[in-house]
Amino acid sequence: MYTFPSLSDTIKEQFSIASFLYKEQNEMDDTFYLCETNYPCLLFPINGNLSLFSSAFTQKQFLLEKEQAILLPAHSGYDLHSTTSCSFFYLTFSGSLAHTLLTKALQHGNYINGNDYFFIQKDIKQIVSCLDTKEPNQEELEILCFSLLTHLSNHTTDTSTLSYPPLVCAAISLMEENYMYLYGIEELATQLEVSKNHLIRLFQSSLKMSPLQYLTSIKIKHAKLLLASGEPSLELIAISCGFSGADYFRKVFKKETGISPKQYQSQQNTSITTSLPNELYL
C-alpha cells in the first residue's frame, strides 16, 4: 500500500487518491476481496487475467484480459480471482471533482482499453516513481494525479477513432500523451516523420480541424481541471498544460472559452459548492 503525502487543502477537497494498493497474485491464492467504499475505484492489471464477481449480485461479472482495466462506481464490492499469475494496482478516489468526473465517466462504460490504458499506465508509473523518492515533490504529485484523473474521466470504449487513418491516430496519441511538452505542430510532424503540411491536410480531412486546434483543445481541457481544483497559480497551470507562460495562457483560454481563467475558476467553485452531493464528506 502506497501512502500519499498530505496535499494542499484546496487540492485535497477536489481530488485525492484515498488508497493506492499494488498486489501480486496467482491462481493458487485465495480470492481477493475488493471492499465496498464510498469512492469510485480503479482496478488496473499490469499483467495476467482477472475475473471480478459482484459480492451482492452473482450475475454481475467482469473479465479483464490483456491491456484492459476497469473503473468501478462507489459502493461496489467484488471478489477478485486470477486465472494466471498477475499483478495489479487498485486505487480509490475521493473529493468533489473526482466524484463528479468519474461518475460521468462511468456513463461511457466500465472498461478501459486501447490508448486510454497506456496513458493511465504511464500516469500510474510516474506517480509510483514520485512516491518512491525520499521526499515526494508535492506540486509534481498533484499534477500527475490530475493527469490520471483527466485520462480516467475521458476514457471511452468508443472505437470510432479506429476509422481514422493510422497517421491521425498516431498524432492524437502523441498529443494526448505529450501535450505538456508540445508547443507547435512542427515538432509533432518531426516525431511522426512526415511533413507539417501533409499532417495538417490529413488531420483536417479526418477531424475537420487542424492538429493545432486539437492540441489546444487538449491543453484547455487539462487547464480546466486544474482551475476547478482551486490551484491559485496561473503560471503553474500554464506550464503544466504546455503553455509558454501565464499571459499567453490567459489569452488562449479566453479565445477558446470566451471567459478568463479566473472567471472560469469562480464559476466552477460556485457550481461545486451549490450542486454537489455531500455524502462523501461527512
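User: How many bridges pair β4 with β5, and in which sense do the two strands run?
Analyst: This is a predicted model: local features need pLDDT of at least 70, side-chain atom pairs count only at pLDDT 80 or more, and totals for chains, interfaces and linings use all residues. Two strands pair if DSSP finds at least two bridges between them. In β5, Leu63 is the bridge partner of Ser51. The β4-β5 bridges number four, and the sense is antiparallel.

User: How many helices and strands are in the chain?
Analyst: Residues are numbered from 1 along each chain as its sequence is written, and side-chain values use heavy atoms, with hydrogens and water left out. Helices (H or I, at least four residues) and strands (E, at least two) are DSSP runs, numbered from the N terminus. The chain holds 11 helices and nine strands.

User: In what order do the strands of the four-stranded open sheet lie?
Analyst: The edge strands are β2 (32-34) and β5 (61-64), each pairing on one side only. Strands β4 (residues 50-54) and β7 (residues 78-82) run antiparallel and share five bridges. One of the bridged residues is Ser54, with Tyr78 as its partner in β7. The pairing in this sheet is antiparallel and the order is β2-β7-β4-β5.

User: By what average angle are neighbouring strands of this sheet turned against each other?
Analyst: Axes are lines fitted to C-alpha atoms, for helices over the stretch in contact, and angles run from 0 to 180 degrees between N-to-C directions. For this average, direction is ignored. The value is 25°.

User: Which strands are the edges of the five-stranded open sheet?
Analyst: The order is β1-β8-β3-β6-β9, with antiparallel pairing. Strand β6 (residues 69-72) joins β9 through two bridges. Ile70 stands opposite Tyr111 of β9. The edges, each pairing on one side only, are β1 (16-25) and β9 (111-112).

User: Which helices pack on that sheet, and at what angles?
Analyst: Contact means heavy atoms within 4.5 Å. Helix α3 (residues 114-131) touches β1, β3, β6, β8 and β9, and its direction makes about 90° with that of β3. Helix α4 (residues 138-153) also touches β1, β3, β6, β8 and β9. With β8, the direction of α4 makes about 95°.

User: Why is the Tyr22-Phe89 pair classed as tilted?
Analyst: Rings of Phe, Tyr and Trp (its six-membered ring) pair if their centres lie within 6.5 Å; planes under 30 degrees apart count as stacked, over 60 as edge-to-face and the rest as tilted. The centres of Tyr22 and Phe89 are 4.9 Å apart. Their planes stand at 50°, so the pair is tilted.

User: How far apart in sequence are the parts that Tyr22 and Phe89 tie together?
Analyst: Buried means under 20% relative accessible area, exposed over 50%, partly exposed in between (1.4 Å probe, protein chains only). Tyr22, at 32%, is partly exposed, whereas Phe89, at 9%, is buried. Tyr22 lies in β1 and Phe89 in β8, so the parts joined are apart by 67 residues.

User: What type of pair do Phe253 and Tyr264 form?
Analyst: Phe253 lies in helix α10 (residues 246-257) and Tyr264 in helix α11 (residues 261-275), so the pair ties together parts 11 residues apart in sequence. Phe253 is buried at 0%, and Tyr264 is buried at 14%. The ring centres are 5.7 Å apart and the planes stand at 70°, so the pair is edge-to-face.

User: Which charged residue sits over the ring of Phe243?
Analyst: Phe243 belongs to a ring cluster with Tyr248, Phe249, Phe253 and Tyr264. A charge sits over a ring if NZ of Lys or CZ of Arg is within 6 Å of the ring centre and within 35 degrees of the ring normal. At 5.6 Å from the centre of the Phe243 ring, the charged end is that of Lys219.

User: Which backbone oxygen does the side chain of Ser240 reach?
Analyst: Ser240 lies in helix α9 (residues 234-240) and is buried at 5%. Not counting residues up to four places away in sequence, Ser240 touches Ile143, Tyr179, Met180 and Leu226. At 2.7 Å, its side chain reaches the backbone oxygen of Leu236.

User: What share of the 282 residues counts as buried?
Analyst: Among contacts between residues at least 6 apart in sequence, 74% join residues at least 24 apart. For burial, the share of the chain is 48%.

Technical notes
A polar contact is a pair of N or O atoms within 3.5 Å; within protein, one must be able to donate a hydrogen and the other to accept it, and residues adjacent in sequence count only if both atoms are side-chain atoms.
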